[in-house]
Amino acid sequence: MRKCSITMTVQISPFNTDFQEFLSDESKRTGTADAITFPTTEAEVIEAVRYANERGLKLITQGARTGIVAGAVPEGGLIINLRSMNAIGEPTADGVVVQPGALLCDLRDIIEPVGLFFGPDPTETSASIGGMAACNASGAMSFYYGAMRSWVQSLRMVLSDGDVISIKRAENFSKGRSFSLTTESGRTISGQLPDYTMPDVKSAAGYYAADDMDLIDLLIGSEGTLGIITETGLRLTPRPAAINGLTIFLPSEQAAIELVNAARSMFAESEAALVAIEFFNHDALDLLRNAKATNPAFEAIPALKDQYHTAIYVEFHAPDADAIEEAAMELIETVMELGGSDEDTWFATTDRELEPIKAFRHATPEAVNLLIGERKRDVPELTKLGTDMSVPDDCLADALAMYNAGLSERGLESVIFGHIGNNHVHVNILPHDMDQYSIGRELYLGWADKVVKMGGSVSAEHGIGRLKVPFLEMMYGNGTIAQMRALKKLFDPNGLLNPGVMFQAQG
Ligand SMILES: Cc1cc2nc3c(=O)[nH]c(=O)nc-3n(C[C@H](O)[C@H](O)[C@H](O)COP(=O)(O)OP(=O)(O)OC[C@H]3O[C@@H](n4cnc5c(N)ncnc54)[C@H](O)[C@@H]3O)c2cc1C
């Protein structure tokens, strides 16, 4: 393949080892590619798509490659990496227009000094806004602020033939499950949405489908299988005047579950909003203790006393500090009844104090990834097995009991942490060898089956990507997967966009 820049402005390079890093994402799976391009404008994305069409090349869209389900890992074809489309417009109280390659951390750096706030907060702040919209990303604060879907007001999406859909919230609705969208060239895409009922839990599994739905919500969370997002209009709100975080240490997991169940409804009348409830089990705290003791990169994590068994992090947002103080005092009373204490609670009342606590949260998946990286040196095929499932409120205790029993019966090393407010914890199984990996995978599949029966989701936030395709099949069944595939065909008749992501590519 020759470099192509004579009749086109976009530069498409044959794939070579200089681009090696673009063959993988944070899943650590590695793929293959024929060519790669870094478009700088939507017009260049369209050119690249047409180039691929003419040559029958598959297309794989990449944001910042922080995804952990291999959605951005190519399996041949042309990689469209959007890192050079990273402009962020002028933020106002009405919102901000952002190119897809802009990173969440850069958006925050621009909006926070002017007193504005954006709710979605995946732990990995180097995620791109386009990738976050494609995956309907969420994070700790989704407990209160919701996932990406509730913050995207408009978007532009390039389709597999180079046509464009430009859509604004509250302008295009399905009628029941029938839908119709008009592209910029005047073409109509119409058909049926899948007929499933989405689980009533936090979920990023499969296409969003509901009766009389806003059609922008179908495109959000479609994991690059329907089109390439080239622009998003985001809602912003005023930054809360007071933001406080409390890291609470408790003597048992049971006490943590009781605290979560109590806290969920405790602040309904309060001026302070409880925006996040996060969980770290005793294995997660041990992993962090060890990381801090042995790796200078983890030096900044606050020291963890030996008696700390389980931790819950909560965050409050309010118009003033007094409202939070009142709410925090109320919570601490319950903490003390459950065996915790105010001396053993870390209070963070300023951005500066919040920083090490956020680092503590981020350090947990980082430490897991490092550990697996070390083990991979001896067993290269090894990967971590990380769950991303959510269950209804009344199933939280049962789900945790199920995870703990399975892990201890099989003698598997693990850590459990995450968004317990949404009944969404990440169980990370840490195998030493491929035998343990197989046992862990079996266990995970069994859990997924039970989570689905509880009315939960097999993916609450990471999406399906390539790695969780069997889990989506388990959740919705083959008939429904066929409906999703039929929907994709309406947008992408030749199956060029992200084939193999969300469901098996059709031959
Ligand atoms: C340490 C760590 C912690 C994490 N914590 C969270 C968390 O708390 N919550 C959470 O939701 N996720 C989390 N993630 C996962 C990841 O950060 C998110 O899924 C994020 O939204 C991916 O964004 P990205 O730009 O890196 O996308 P990529 O990884 O590049 O791509 C992800 C998927 O989106 C598609 N895509 C990317 N950009 C576009 C586009 N412009 N148009 C169409 N499709 C596109 C890709 O094809 C792929 O299928 C975490 C990851 C790590 C490594």
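Mentor: Happy to! Sorted by class, the shell around the ligand holds 14 nonpolar, 16 polar and five charged residues. Please keep in mind that this is a predicted model. In total, 35 residues surround the ligand, and the closest are Thr61, Gly63, Thr66, Ser128 and Ser138.

One oxygen atom of the ligand sits 2.9 Å from a polar backbone atom of arginine 65. The backbone also takes part at glycine 71, where an N or O atom lies 3.2 Å from an oxygen atom of the ligand. With asparagine 498 it is the side chain that takes part: one of its N or O atoms is 2.8 Å from a ligand oxygen atom. As for how covered the ligand is, it exposes 960 Å² when taken alone, and the protein buries 98% of that.

Which elements build the shell? Strand 3 (59-62), helix 3 (129-135) and strand 11 (228-234) each give two or more residues to the shell around the ligand. Of the elements, helix 3 gives the most, with five residues.

Glycine 139 counts as buried because its relative accessibility is 0%, and the cut-off for buried is under 20%. Between glycine 139 and methionine 502 there are 21 Å in space, C-alpha to C-alpha, and the two are 363 residues apart in sequence.

Now to the empty spaces. Rolling a probe the size of a water molecule over the atoms shows where empty space is left. Here the count comes to two cavities of 30 Å³ or more.

The largest cavity has a volume of about 60 Å³. Its lining includes Cys135, Asn136, Arg149, Met198 and Tyr207. By class, the lining of this largest cavity divides into six nonpolar, four polar and one charged residue.

The second largest cavity holds about 30 Å³ of space. Among the residues that line this second cavity are Lys58, Leu59, Ile60, Glu75 and Arg466. Its lining has four nonpolar, one polar and three charged residues.

Helix 9 gives the most, with seven residues. By class, the lining of the second largest pocket comes to twelve nonpolar, three polar and eleven charged residues.

One more residue is worth a look on your screen: arginine 156, which is in strand 7 (residues 152-158). With a relative accessibility of 16%, arginine 156 falls under the 20% cut-off and therefore counts as buried. What does its side chain contact? The side chain of arginine 156 makes a polar contact of 2.8 Å with the side chain of glutamate 42, and another of 2.9 Å with the side chain of glutamate 184.

Definitions and conventions. Residues numbered from 1 in each chain as written. Predicted model: local features only at pLDDT ≥ 70, side-chain atom pairs only at ≥ 80, totals over all residues. Heavy atoms only, no water. Near = heavy atom within 4 Å. Polar contact = N/O pair within 3.5 Å; in protein donor to acceptor, adjacent residues only side chain to side chain. Areas by Shrake-Rupley, 256 points an atom, 1.4 Å probe, with all protein chains shown as cover. Helix = DSSP H or I, 4+ residues; strand = E, 2+ residues; numbered from the N terminus. Nonpolar A, V, L, I, M, F, W, Y, C, P; charged D, E, K, R; others polar. 1 Å grid on protein atoms, 1.4 Å probe; cavity = no way out; pocket = protein on both sides within 12 Å on 5 of 7 lines; lining within 4 Å. Points joined across faces, edges and corners; volume = space filled by probe spheres on them. Buried < 20%, exposed > 50% of the residue type's maximum accessible area, 1.4 Å probe, protein only.
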